[in-house]
Amino acid sequence: MTHQQNQAQSPADTTATRNASLADLADLLKSQQADKVDVVAPAAALTAHDGQVVVRGVAPVLSANGVTLADGTYRPTQVADEGIADKLRIPLAYLRRMRAENLPLFDLNVSGWLEADPSRRFLLRTFRSTEEGTPGVLRALLSDSYRVIDNFDILTAALTGVRDSGHGVQITGCDLTDRRMLVRVESEHVRVHAPQLLKGYRSPFTGQTGDELPIVSAGFVISNSEVGSGAFTITPRIVVQICRNGMQMGHDALKAVHLGAKLEAGVIRWSADTESKTLDLISARARDAVATFMDRAYVEAKLREIEERAGAPVKDPAAAIEFVAKKLRYTDSVRESVLSHFIQGGQVTAGGVMQAITATAQTLGDADAAHELEGTALTAMALVPTA
């Protein structure tokens, strides 16, 4: 689904998908790969015009795929606008207001701060235009020390590591947004009884109770950002079978940060040796994740930690959820949804609040918001005021 908004109101959106199959995600990533152009350019080669970023004076590169041109006009995404604000030290709220209300002022500010330090270099991650006369997409404006690890390569390498582990898994859902790729992996073999955690809980989606099926599964989430919105990460996750709620253990996540040596100016072409070493590391991390996170002893130990807090009774659910929502900065709509799912779930405990948060995450159409909300569930459970 591609949606382009009025550039005077907000930046461009790029192709995204929610809860896709692995095959659909792979097809989408392949189609994106052909349109990517990464270029390191000095500030002197950049300017803003009509809310778009114009690149001039970057030499084309001849490769096996033909001539790659970087010069042109690019429409920033919201992520790119965040990068512009950060790198040029323009308050993001002000940048967004200028984009929405006064594009000439946007151009003046962005161009002015670029001119103030003309030798400073940036990495621009773009999609080239596929139609004559239309701008490309500026996906991100990043430091020239940013190490690019692309989603398609991450996906291939990580799944190779999972396959090499010999552990049977299912891919239960994939998301792709302007910020990140998310792939949810679940064990076919490691299922653990959790009667204490699920006692009295009713799925808001199926009506089935935890007393009827007190089972959780081992799993993890593979996450990567091509645009500076987070490291390559594998985060362990426990999945409740009756409702598919997921509990992420963020403290145990394996990470690979996108930082490296300074990049040379021009259009980037990575060496085969550099790519091979990076992807070998990703495959090894994936094998490590399977061995560590899809282990019955690991899941049982994490369940015991969660259950220590989950059974604590909640005296005033509305006040407790209001308190958690303020602490974790939930929107009003998310807070209301959490309260609704809490009531439906029937567990008047701190664990019930956690389940309500993870259930709400499943209902969100915004994959980034859903992932981030699910990641707060265990923290929220620890914050809940109890009787």
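What pLDDT does the chain average, and what share of the residues score at least 70? The structure is a predicted model. Its chain averages a pLDDT of 90, and 90% of the residues score at least 70. Residues 1-10 fall below 50. Beyond near neighbours in sequence, this stretch has 21 contacts in the model.

Strand β10 covers residues 169-176, and strand β11 covers residues 181-193. The two pair in the antiparallel sense, over 7 bridges. A hairpin of 4 residues joins β10 to β11. Across this pair, Gln 170 stands opposite Glu 186 of β11. Strand β11 also pairs with strand β12, residues 215-224. That pairing is again antiparallel and runs over 9 bridges. Here Arg 191 has Ser 217 in β12 as its bridge partner. In a regular strand, side chains alternate between the two faces of the sheet.

Helix α4 spans residues 103-116. Its 14 residues should span 20 Å at 1.5 Å a residue. Asn 102 caps the N-terminal end of α4. A side-chain oxygen of Asn 102 lies 3.0 Å from the backbone nitrogen of Leu 105. Several residues of the helix are buried, among them Leu 103, Phe 106, Val 110 and Leu 114. Asp 107, Asn 109 and Ser 111 are buried too. The cover over the buried residues of α4 includes β3, α2, α3 and β8. An α-helix has 3.6 residues a turn, so residues three or four places apart point the same way.

The largest nonpolar core holds 65 residues. Leu 197, Val 216, Phe 220, Ile 222 and Val 299 touch the most other members. Helix α11, residues 350-363, gives the largest share of this core, 6 residues. A second, separate core has 26 residues, including Val 53, Ala 70, Ala 85 and Leu 114. Val 216 touches residues beyond four places away in sequence, including Val 190, Leu 198, Ile 238, Val 240, Val 299 and Leu 303.

Pro 204 sits in the loop between α6 and β12. Is this residue buried or exposed? Its relative accessible area is 19%. The cut-off for buried is under 20%, so Pro 204 counts as buried. Leaving aside neighbours within four places in sequence, Pro 204 is in contact with His 341, Gln 344 and Ala 359. Pro 204 and Gln 344 are 140 residues apart along the chain, yet their C-alpha atoms are separated by 5.7 Å.

Methods
Residues numbered from 1 in each chain as written. Predicted model: local features only at pLDDT ≥ 70, side-chain atom pairs only at ≥ 80, totals over all residues. Heavy atoms only, no water. Pairing = 2+ DSSP bridges. Expected span 1.5 Å × (residues − 1). Buried < 20%, exposed > 50% of the residue type's maximum accessible area, 1.4 Å probe, protein only. Contact = heavy atoms within 4.5 Å. Polar contact = N/O pair within 3.5 Å; in protein donor to acceptor, adjacent residues only side chain to side chain. pLDDT = per-residue confidence, 0-100. Core = buried A, V, L, I, M, F, W, Y, C linked by side-chain atoms within 4.5 Å.
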